[in-house]
Structures are given as C-alpha cells and as structure tokens.
Amino acid sequence: MSTNDRIRWDRQYINSPGAEQPSAFLREIVECDAWQDLSGKALDVACGNGRNAIYLAQCGFAVTALDISQVALAEGRRRAQQQDLQIDWQQRDLEASELDSGDFDLVINFNYLQRSLFRPIQQAVKRGGHVIFETYLIDQAEFGQPKNPDYLLQHNELLDLFRAFRVLSYHEGRCEDGGAPAFRAGIFAQRAK
C-alpha cells in the first residue's frame, strides 16, 4: 500500500469527513421504477466514508466497500453499525490490488478516477450485472478541485470506455453537486448476458 497515499487520504478525511448523503445519481438509478429490480452483491470502489455503500445496504444489497483510507473506513463502519447494517469494509490500495472478477451484480464508482481500473471494474460485474460510474469532467478545472487532468474525464470518455456494455442512462455536463456547480459525467450500464 502506498503509505503516502494512505496518509494523504487519512488526513483529508480527518479534516473533512465528506458527505453523508448518497450520490443523487445513484439514488436516481436505484429508486427509478424504469429499471429491472437491482439487487444482489455490490462493490463500492473508493468508497470513502461509505455514504453510497450504506445506502446500497439500506436497499438490501450485500455490499463490499473498498478504500485506502482507514479513517474513512472507520467512519463508514461506525455509521453502518449505528443502523445495524452489515458491510464488508476493506482497506485496499486500488493501484496495487485486484478486483474480484465476475463476482458482483452492481459495481459503483463515484468521484474517483483511476483509468487502469476501468477494465477490472468491467470484469468485476457479473454477466447481466450493472455498473454506475460518475466523476468529474475536464471542464471541472474551471470551478476548482480537482484540477489535475489525470483525475478528470475527457468528453465522452465514459461512453467510449463502456462501449461493450448496454448504456441505460448517461449524462455529461454542468450540474449541481452538493449545491455547488460542477462538471460531471455519469453512466449506468449493463454487462451483456
């Protein structure tokens, strides 16, 4: 595990524990009656304080939540225990570990971009399973963080990366993110059966 990354993320979560409410895009997808019943095993990649993992567990998913920050995982674990939710919290350096292949009905990734994970994320989804992915676009540099283009999606990049999946919902552009303007792209897609 990269000690520097772990320390940096631990400090960030000590200073700012992060949002408690699940992602609006995740709620929109899960609560929409237009899609088949989403259920089963879910993987939350780079879960942070577990806001989305907790929401999925509340919805009946068996959730595995991965993050490098022990501080963030401890906060998520504390919040889940208060609600008697069972979540498998795992500290992982995503740059140095693998994802279980073909094991999950749903894989989610919010606000974290590591391009080397796209293929493993796709392979972690069972045939017929789903992925929900949302993060910042290159235009986000106009508003603030993040600014590093390595951590910002190019226009249509998610569509290109999930070309082998059936796209069920997609958005890209300016939106409100926790009350602040942001440029984001998000995709809800299904792996072929």
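These legends walk through several close-up views of a predicted model.

Residue numbers start at 1 in each chain and follow the sequence as written. Because this is a prediction, local features need pLDDT of at least 70 and side-chain atom pairs count only at pLDDT 80 or more, while totals for chains, interfaces and linings use all residues; side-chain values use heavy atoms, with hydrogens and water left out.

**View 1. The whole chain, for orientation.**
The protein has 6 helices and 7 strands, where helices (H or I, at least four residues) and strands (E, at least two) are DSSP runs numbered from the N terminus. Along the sequence the order goes α-α-β-α-β-α-β-β-α-β-α-β-β. Of the 193 residues, 48% count as buried; buried means under 20% relative accessible area, exposed means over 50%, and partly exposed is in between, with a 1.4 Å probe and protein chains only. Take the contacts (heavy atoms within 4.5 Å) with a separation of 6 or more: residues 24 or more positions apart account for 62% of them.

**View 2. Strand β5 and its two partners, β4 and β7.**
Strand β5 (residues 125-136) is mostly covered, with 10 of its 12 residues buried. On one side, β4 (residues 104-110) runs parallel to β5 and is joined to it by 6 bridges. With β7 (residues 180-190), β5 pairs in the antiparallel sense over 7 bridges. Strands count as paired if DSSP finds at least two bridges between them.

Gly102 sits in the loop between β3 (87-91) and β4 and is partly exposed, with a relative accessible area of 34%. Its C-alpha is 4.4 Å from that of Ala124, although the two are 22 residues apart in sequence. Beyond its neighbours within four places in sequence, Gly102 touches Gln123, Ala124, Val125 and Lys126. Val125 belongs to strand β5 and is buried, at 0% relative accessibility. Again setting aside neighbours within four places, the contacts of Val125 include Gly102, Phe104, Val107 and Phe165.

**View 3. The nonpolar cores.**
A nonpolar core here is a set of buried Ala, Val, Leu, Ile, Met, Phe, Trp, Tyr and Cys residues joined through side-chain atoms within 4.5 Å. The largest has 26 residues, and those with the most contacts inside it are Val45, Leu94, Leu99, Val107, Ile121, Val131 and Leu158. β1 (41-45), β4, α5, β5 and β7 each supply at least two residues of this core, and β7 gives the most, with 4 residues. A second, separate core of 25 residues includes Cys47, Tyr55, Leu56 and Phe188.

The whole structure holds 1 cavity of 30 Å³ or more, and the largest cavity contains about 30 Å³ of space. Its lining is Asn109, Tyr112, Leu113, Gln114, Leu117, Phe118, Ile121 and Phe133. On a 1 Å grid over the protein atoms alone, a cavity is a set of points where a 1.4 Å probe fits but cannot get out, and lining residues have an atom within 4 Å of a point. Points are joined across faces, edges and corners, and the volume is the space filled by probe spheres set on them.

**View 4. Helix α3 and its surroundings.**
Helix α3 (residues 51-58) is largely enclosed by the rest of the structure, because 7 of its 8 residues are buried. Those residues are Arg51, Asn52, Ala53, Ile54, Tyr55, Leu56 and Ala57. They pack against α2 (24-31), β1, β2 (62-67), α4 (70-82), β3 and β4. After α3 comes Gly60, with a positive phi near 100°.

Most residues other than glycine have a negative phi. Ala46, in the loop between β1 and α3, has a positive phi near 55° and is buried, at 15% relative accessibility. Asn156, in the loop between β5 and α6 (157-161), has a positive phi near 65° and is partly exposed, at 38% relative accessibility.

Key. On a 1 Å grid over the protein atoms alone, a cavity is a set of points where a 1.4 Å probe fits but cannot get out, and a pocket is an open set with protein on both sides within 12 Å along at least five of seven lines; lining residues have an atom within 4 Å of a point.
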